Amino acid sequence: MKLFFVSLGCDKNLVDSEFMLGMLQDAGVEITDDETEADAIVINTCCFINDAKEESIQTILEMARYKTEGNCKALLVTGCLAQRYQKEIRQEIPEIDAVLGTNSCDDIVHALQCALHGGGYENFSALKGLPRMRAKRRITTGGHYAFLKIAEGCSKHCTYCVIPSVRGEYRSIPLEELSAQAKELAEAGVKELILVAQETTLYGMDLYGEKSLPRLLDALNEIPGLYWIRILYCYPEEIDDALIAAIKRNKKVCHYLDMPIQHANDTILRRMGRRTDQESIRNVIQKLRREIPDICLRTTLICGFPGETQEQHEELMAFINEMEFDRLGVFTYSPEEGTPAAEFPDQIDEETKLDWKDEAMELEQEIIFDKTADLKGTKTVAFVEGYLPEEHVYVGRTYRDAPDIDGYVFITSDTELMTGDLANVRITGSVDYDLTAELLF
């Protein structure tokens, strides 16, 4: 039989999808990229914000058509939307034959068998412990980079976020298991390992009684075949001297840190349930840049949180201007049902949210364009991602660029390069967020 798989949402969700694909392949299922010929369809959903929820629902409805009008015999829905709306999802969309919660993805093969023989199957395991991912992952990112999910859930309980309710409290994956996964990925050709979790900086607290991300970095740094190790989702209040030292001493760890701060006004940060303040954020940024001068810092912000004033927005703008982040993503606040912030008074209208978001991005564009221009003449290493025949250039990423969210470097070369190659290049210029470069011999 043939199965079509749709993975929506974040990179943590993608890791779950890759493990499910591996389990399905081990069971003899053929994976197809053509939904019209599929005997079964699986959708791993997201519901982090309203746009993600709508995308998940729309995708389910689109795939449901292949049950009523096409060849599909079984429709399965997994992931965050399934967990969050477990009572409603099959009532509202009766074409669905099986539903798995976020902690039940290891039951995918049994769920498929039940879906093919009558349907009506559900499994919502308690949000404790971890699923048993017994199969070899089917990497979907091209083979030269892969995500390593080091923990599940979150215990921060920010007032705007649904993650603790759909993913559970923070649970670290044992270090030995992560090392084994990383070795397997490296042996399969993965050269860049990207560490992800709802929060990577608290890794190990629940298992070992102390923050153990430095220990994990030390272990991963010793694995042959890996070239880059990139860290995402580091909460600023948890970045300490031990982590900074680990980044400095481990040569494979990229001098790149994703550190979502969400805002810079202390009142807004408290209302968000964040556990830091502007002064502390400023101090950790200054320390990172002092200890690791070439570090690339990425952050994300929320504009239009309930009760936010024009003055507080302007304070955020001033902070962006002062900190000069190397990478920045900005989102408008999305009120999520079941979260405290959705019930807060003084909700901000959508037009104001979008205006504030645009202002923040326009300011950050000026900062980033200046930073990319300053890189002209420098030498660096780039991961080759592909080739653009019309432009006669190769597409790559430097250590400053995480896949799919940051910029690219466009490389001119008379020597043939392959996807996944590491190329020594000299930066020749910049175009907005991207760089141009030439291959060095």
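Which residues does Ser413 touch, not counting residues up to four places away in sequence? Select Ser413 and you'll find Tyr394 and Leu439, where a contact means heavy atoms within 4.5 Å.

Before going further, a word on what you're looking at: this is a predicted model, in which local features need pLDDT of at least 70 and side-chain atom pairs count only at pLDDT 80 or more, while totals for chains, interfaces and linings use all residues. Residues are numbered from 1 along each chain as its sequence is written, and side-chain values use heavy atoms, with hydrogens and water left out.

**Stop 1: Ser413**

Stay on Ser413, in the loop between β17 (409-412) and β18 (422-431). Now show the side chain: it reaches the backbone oxygen of Thr415 at 2.7 Å. That is a polar contact, meaning a pair of N or O atoms within 3.5 Å; within protein, one must be able to donate a hydrogen and the other to accept it, and residues adjacent in sequence count only if both atoms are side-chain atoms. Ser413 has a relative accessible area of 18%, so it is buried (buried is under 20% relative accessible area, exposed is over 50%, partly exposed is in between, with a 1.4 Å probe and protein chains only).

**Stop 2: the whole protein**

Zoom out. The cartoon holds 14 helices and 19 strands, which are DSSP runs numbered from the N terminus (helices are H or I, at least four residues; strands are E, at least two). The radius of gyration is 22 Å, close to the 22 Å from the globule rule for 441 residues, so the protein is as compact as a globular protein of that length. That radius is taken over C-alpha atoms, and the rule is 2.2 Å times the number of residues to the power 0.38.

Buried residues make up 55% of the 441. Of the contacts between residues at least 6 apart in sequence, 73% join residues at least 24 apart.

**Stop 3: Ile173**

Next, type in Ile173, in the loop between β9 (171-172) and α7 (175-187). Is this residue buried or exposed? Ile173 is buried, at 10% relative accessible area. Leaving aside neighbours within four places in sequence, its contacts include Leu130, Lys149, Ala151, Tyr203 and Leu207. Ile150 is another of those contacts; draw a distance between the C-alpha atoms of Ile173 and Ile150 and you get 5.5 Å, for two residues 23 apart along the chain.

**Stop 4**

**Stop 5: two positive phi angles**

Go to Glu324, in the loop between α13 (310-323) and β14 (327-332). Its phi is near 50°, a positive value in a residue other than glycine. Glu324 is partly exposed, with a relative accessible area of 39%.

Finish at Asp346, in the loop between β14 and α14 (350-374). Here phi is near 60°, again positive in a residue other than glycine. At 57% relative accessibility, Asp346 counts as exposed.
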